[in-house]
Amino acid sequence: MNLSSANSKISAQRIVGFSREKNALFQWLAAPDAGSQIFSVTGIGGIGKTTLLTELNAGARRTSTRTLWMDGQICLQTPGAFLSCLEMSLEIEYGLTRATDETMLAYAVRELTRQRTVLIIDNCEHIDYLESWLLASLLPRLAEAECLLILASRRGLPTKWHSHPLWSKRIHSYPLELFSREEIYEYLQDSGLSPALQVDIVQKTGGHPLLLALTLDMLLRQEPERQEREYQLPGILSAELLKEASSPFMYEALQLLSLLPAADQTILNQLLAHPLSASEYAELSRLSCVRTSMNGLCLHQLVSRMLREDYQRRDPGQYHRMRSRTLELLTGRFPASNTLQQMQIAAHVLELYREQLPVTGTYTDFSAVRTQERQRGYEPGDLPYLHRFLEASLARSDWQSELIAAGEHPALLEDIAAQDPGSIVVLCNSSGIPLGFSAGLRLHALTLPLLDRYAPAHRELLGELAGSLYSLPAEAADTLFILLAAVDTEQPYYQPEELGAMLLQSWLVYTSGGLRTIVATADNQLNLLLPLLGFQEQIQSRPKQAAPTGLIVWDLDFRQVTFEVWVQRVFQLAVQAPEAVLAEEPQSLDWKDVKQIVQHLYKDALLEEIPLVQRLGLAGEYVRQQVQHILTDKQPPYPLTELEQSLLRESYLQKNYRKSQLAEAFHMSRTTFYRHSRLAFIHLGYVLTRVLRDIDLHGDR
């Protein structure tokens with residue numbers, strides 16, 4: 001990615017990535033008999049196609065290979081325009097001119113076959129205008145030459161090229177992807193920005209090169225104290241998309257696609273105010289950020305997320321209404337979908353709602369799941385990595401099943417890998433290197449002996465179910481017992497909470513296919529989060545003596561609970577219901593007034609000068625006592641969460657940290673910390689409103 005630093009903190013030409021494409025070019029240049037080939041470079045707007053072409057152009061020129069650059073927006077209109085642009089490029093770059101009696105086509109063929117040549121054409125979106133002429137007239141004459149055509153476009157070459165009897169075998173496709181975490185940090189390494197702000201940039205830009213460059217440039221133009229403040233990015237990418245999606249109806253359709261995993265014309269027209277015609281649907285399908293799947297059109301993941309954020313910011317009411325309608329549509333289609341489609345729907349529903357789930361701890365923050373990394377099944381080469389992750393987790397006393405005896409966790413992992421490897425899910429980066437894992441046992445006759453050895457308390461925990469499982473064949477197993485989970489905390493590119501959130505998400509998606517998942521834990525953070533994700537507490541199954549005190553058994557059973565019921569349980573109860581309860585409350589105190597009260601909490605005289613306190617006719621001492629009670633209560637009153645209570649208590653009551661240290665103490669970036677602080681003031685406002693209302697009703701001040 002090309003970047004000119006605003007204040008010379010970073011080099012003017014920072015290029016990262018592109019090793020695959022550069023190596024392909026150098027191999028062609030070094031081959032004694034390279035032959036004519038086509039490199040097709042594709043990717044969404046701003047992904048770095050032009051930057052790559054610039055690098056390839058420079059690399060070819062360094063080897064003294066004849067290199068020509070043309071703009072497809074100009075040269076791909078007509079055959080005459082193509083040949084004229086080529087002739088002009090030869091004259092400008094190499095001083096070559098065509099004889100007056102030589103045709104333009106003959107001249108082009110002669111020069112392109114006379115010596116090894118790299119011909120680069122950017123912006124090939126409309127190459128279909130000339131494909132018949134190129135494939136029938138020009139390219140056949142270059143078949144025996146040494147000419148490399150590098151063509152860049154958002155969608156790639158038309159189908160006819162890939163089915164051509166001669167050229168289909170000479171086409172090499174290079175779809176550009178988002179930057180990996182390593183590449184993003186390489187890009188940011190000399191920026192001079194704080195580590196916390198770099199982490200925030202990583203999460204917000206998602207590895208999109210143009211968005212990353214614009215964000216960094218924007219921040220470097222600001223004063224250091226302004227860099228840490230909240231900044232909005234969705235509009236940047238939205239503006240880039242508007243260059244491609246110029247019609248209002250198309251942008252409306254893109255917003256809707258951002259709320260769906262995939263949609264055909266019929267589904268889109270059920271939800272759009274302006275139904276799409278067949279030609280408009282076809283036009284939508286040709287956008288670079290849209291791809292065609294078996295279930296209709298779907299958006300590039302990053303574009304989908306950015307458009308949703310922009311949609312929610314610009315029109316939150318319409319966004320929530322449309323999201324509710326799409327949820328109803330998805331739950332209605334779920335029962336008739338196949339297993340793969342059901343898992344896709346489940347994953348997308350989690351995607352839509354993850355940022356609205358209450359944050360109960362750092363490693364369970366679902367809002368951090370914004371990565372390209374993938375999950376896969378266990379492979380034997382993974383075991384050394386998994387042991388290292390597990391050892392580090394145990395050393396920090398992170399969550400592992402408390403049912404397992406101390407010192408037995410590594411041996412259990414070995415046995416699970418040997419006897420039930422299918423129950424291990426591995427998170428890995430773009431290179432396939434493990435980043436984390438979760439492991440358990442699918443319960444049946446062959447795996448129950450492992451539980452007898454490592455977790456004998458499971459018999460009490462599972463109750464009557466345990467007995468029947470001892471005779472269950474492996475192929476009938478439908479219950480997954482999660483026992484181990486750990487992530488790589490030594491690598492510098494991912495926060496533990498991001499990887500932990502992906503593991504939790506994988507459990508839910510895997511389970512939605514008709515399995516039962518059991519988790520037994522005494523971990524407070526998990527015990528707060530799991531019910532919000534649809535798990536139900538099995539109080540009657542708690543081991544009485546053989547397991548640690550405080551252990552709670554959680555159960556999510558998709559064998560009996562339909563997807564629709566799960567969605568209602570998780571999202572209508574955990575998200576919509578609280579909103580409804582708040583709507584029934586009297587109007588909350590303004591969060592800015594609440595912040596002013598908390599800031600002056602230990603100065604009764606200043607409290608009594610606050611207009612809100614004067615209007616209520618309260619003594620400063622009394623207001624202080626009420627706030628102190630709310631922030632020190634063992635169980636924070638609804639809707640204030642434990643995290644928000646702790647955040648306000650540390651910031652304004654205990655004051656153990658300086659302001660600059662608080663975000664780090666809570667393992668958050670500063671922008672995330674500020675966002676949670678504001679939400680904490682809002683929720684404290686509801687509590688204070690309720691407390692003061694009760695005081696007024698009872699006349700007790």
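This is a predicted model: local features need pLDDT of at least 70, side-chain atom pairs count only at pLDDT 80 or more; totals for chains, interfaces and linings use all residues.
## H19 against H20

Helix H19 (residues 383-395) and helix H20 (residues 409-419) have axes that come within 10 Å and cross at roughly 150 degrees. H19 is therefore roughly antiparallel to H20, since the cut-off for that label is over 145 degrees. The crossing of H19 past H20 is right-handed.

On the H19 side, the contact uses Leu-383, Leu-386, His-387, Leu-390 and Leu-394, while H20 brings His-409, Pro-410, Leu-413, Glu-414 and Ala-417. Sorted by class, the contact of H19 with H20 has seven nonpolar residues, two polar and one charged. As for the spacing along a helix, an α-helix has 3.6 residues a turn, so residues three or four places apart point the same way.

## H4 against H5

Over at helix H4 (residues 79-94) and helix H5 (residues 104-114), the axes again come within 10 Å, and here they cross at roughly 50 degrees. That makes H4 and H5 oblique to each other. H4 goes past H5 in a left-handed crossing.

Which residues meet here? From H4 there are Gly-80, Leu-83, Ser-84, Leu-86, Glu-87 and Leu-90, and from H5 there are Met-104, Leu-105, Tyr-107, Ala-108, Glu-111 and Leu-112. The class tally for H4 with H5 is eight nonpolar, two polar and two charged residues.

Helix H31 (residues 642-654) spans only 16 Å between its end C-alpha atoms, whereas a straight helix of 13 residues would span 18 Å at 1.5 Å a residue.

H31 is also mostly covered, with eleven of its 13 residues buried. Among them are the leucines Leu-643, Leu-647, Leu-648 and Leu-653, along with Glu-644, Arg-649, Glu-650 and Tyr-652. Just past the end of H31 comes Lys-655, which takes a positive phi of about 55 degrees.

Definitions and conventions. Residues are numbered from 1 along each chain as its sequence is written. Side-chain values use heavy atoms; hydrogens and water are left out. Axes are lines fitted to C-alpha atoms, for helices over the stretch in contact, and angles run from 0 to 180 degrees between N-to-C directions. Helices (H or I, at least four residues) and strands (E, at least two) are DSSP runs, numbered from the N terminus. Angles under 35 degrees count as roughly parallel, over 145 as roughly antiparallel, 65 to 115 as roughly perpendicular and the rest as oblique. A crossing is left-handed if the near helix is turned anticlockwise from the far one by less than a right angle, and right-handed if clockwise. Contact means heavy atoms within 4.5 Å. Ala, Val, Leu, Ile, Met, Phe, Trp, Tyr, Cys and Pro count as nonpolar, Asp, Glu, Lys and Arg as charged, and the others, Gly among them, as polar. The expected span of a helix is 1.5 Å times one less than its number of residues. Buried means under 20% relative accessible area, exposed over 50%, partly exposed in between (1.4 Å probe, protein chains only).
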